[in-house]
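Subject: Structure handover

Hi there,

Here is the structure I promised to pass on to you. Please open it alongside this note and have a look.

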Amino acid sequence: MNKTVRNRAAMLAMVMAMAGLWCGNAAAQLTIVSFGGAYQEGQSKALFQPAAKALGITIKEETYTGIADLRLKVKAGAVTWDIVASGSGSAARAGSEGLLEPLDYKAIDVSSFAPGLTQEFCVGGDVFSTVMAWNTKTYGDKGPQTWADFWDVKKFPGKRSYRKGVAGALEPALMADGVPPNKVYEVLSAPGGIERAIKKIKELKPSIAVWWSSGAQHAQLMKDGEVDMITGWNGRFDVVAKDGAKVAYTFNQALLDYDCFGIPKGAPNKALAVKFLNEISKPQYQAEFTKYITYGPTNKKAYDGPAIPAAYAKTLPSYPDNAAKQLIIDLNWYTKNEARASELYQNMLTE
């Protein structure tokens, strides 16, 4: 081989190597979508960016309103997201619809997770509570302690806010109607159970000033003092309370639930997404996330050591004393009934 040919071959090899390096870097990026606000900011700082650094990849973050956005992308064959944050119930239904990939738990280590915080299509990321919260400027420290109180507009006059979506909306109504927490899903599964809950919500409708549709919105409502009483997620209220919002809440009769991470059907970088989910499921990341929002870890080892101080642990939803006061969300019920319940609920809203 003469010198000219050797030089050309060397240059070609260099160009190909550079092209391969560029392609490798381009592939080593994941797109994650979550719910925005203080919640996603905490996820980014505690989970997404540190894990990306550990794996030597980059993360692109986007926001969405929920699984309905994913459904459109999957049906159009235009999936650009690699990982989606989701509520557990929404993920269960999305998985049953074929919108999420089944997860490989041989590659994602959940051996130290608390029971019930993983599912076929979604791995738990944090534990939260849907609570009743109140404006302390209106009620002081004597706010509602039961859902019956929340419905009692004579004892607790004032403007309410309630969730626009059906998830976590029917259970409080039945408890307000006298159903014991451990019988709620039995009643909801029986003929007329969903209708009974919606009828109870309809009673409260004249006092509901705002039907909230996101965590950021319900937190802002309390920060601005727009309503006197509201349902919502405990961590969101704690964030705005630190920022001066006049808000308090109780874990009594709250709904214990978890957020999780799934991989969309047809995700561009599925294999890398699995590695990433394994990384952020480690206890050190979950312990760090509790510093940003008062949601509990799904990995029990996150409670070991000094990462989560003992006094602070007692404020988290999954702390045993707090969990004992709550009703655990039944994912099987949502998988079977959410579509019909949602239709009936939306009809009630538009009446």
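Below are notes on the disulfide, the aromatic pairs and the charges over rings.

First, some ground rules: this is a predicted model, where local features need pLDDT of at least 70 and side-chain atom pairs count only at pLDDT 80 or more, while totals for chains, interfaces and linings use all residues. Residues are numbered from 1 along each chain as its sequence is written, and side-chain values use heavy atoms, with hydrogens and water left out.

Let me start with the disulfide (a pair of cysteine sulfur atoms within 2.5 Å). The structure holds 1 of these. C122 and C260 form it, with their sulfur atoms 2.2 Å apart, and the link is right-handed, with 95 degrees about the S-S bond. Helices (H or I, at least four residues) and strands (E, at least two) are DSSP runs, numbered from the N terminus. Both C122 and C260 are buried; buried means under 20% relative accessible area, exposed over 50%, and partly exposed in between, using a 1.4 Å probe and protein chains only.

Next come the aromatic pairs. Rings of Phe, Tyr and Trp (its six-membered ring) pair if their centres lie within 6.5 Å; planes under 30 degrees apart count as stacked, over 60 as edge-to-face and the rest as tilted. The count comes to 19 aromatic pairs. In one of them, the rings of F35 and Y64 have centres 5.5 Å apart and planes at 25 degrees, so this pair is stacked. F35 sits in the loop between strand 1 (29-34) and helix 2 (37-55), and Y64 in the loop between strand 2 (58-63) and helix 3 (67-76), 29 residues apart. F35 is partly exposed, at 28% relative accessibility, whereas Y64 is buried at 7%.

Y185 and W333 form a tilted pair, 6.2 Å centre to centre with 50 degrees between the planes. Y185 belongs to helix 8 (residues 184-189) and W333 to helix 16 (residues 331-350), so the pair ties together parts 148 residues apart in sequence. Both residues are buried.

Ring pairs also link F35, Y39, Y64, W81, F128, W212, W233, F289 and Y295 into a cluster.

Finally, a charge sits over a ring if NZ of Lys or CZ of Arg is within 6 Å of the ring centre and within 35 degrees of the ring normal. The charged end of K73 sits over the ring of W81, 4.8 Å from its centre, and that of R160 over the ring of F150, 5.8 Å from its centre.

Best wishes
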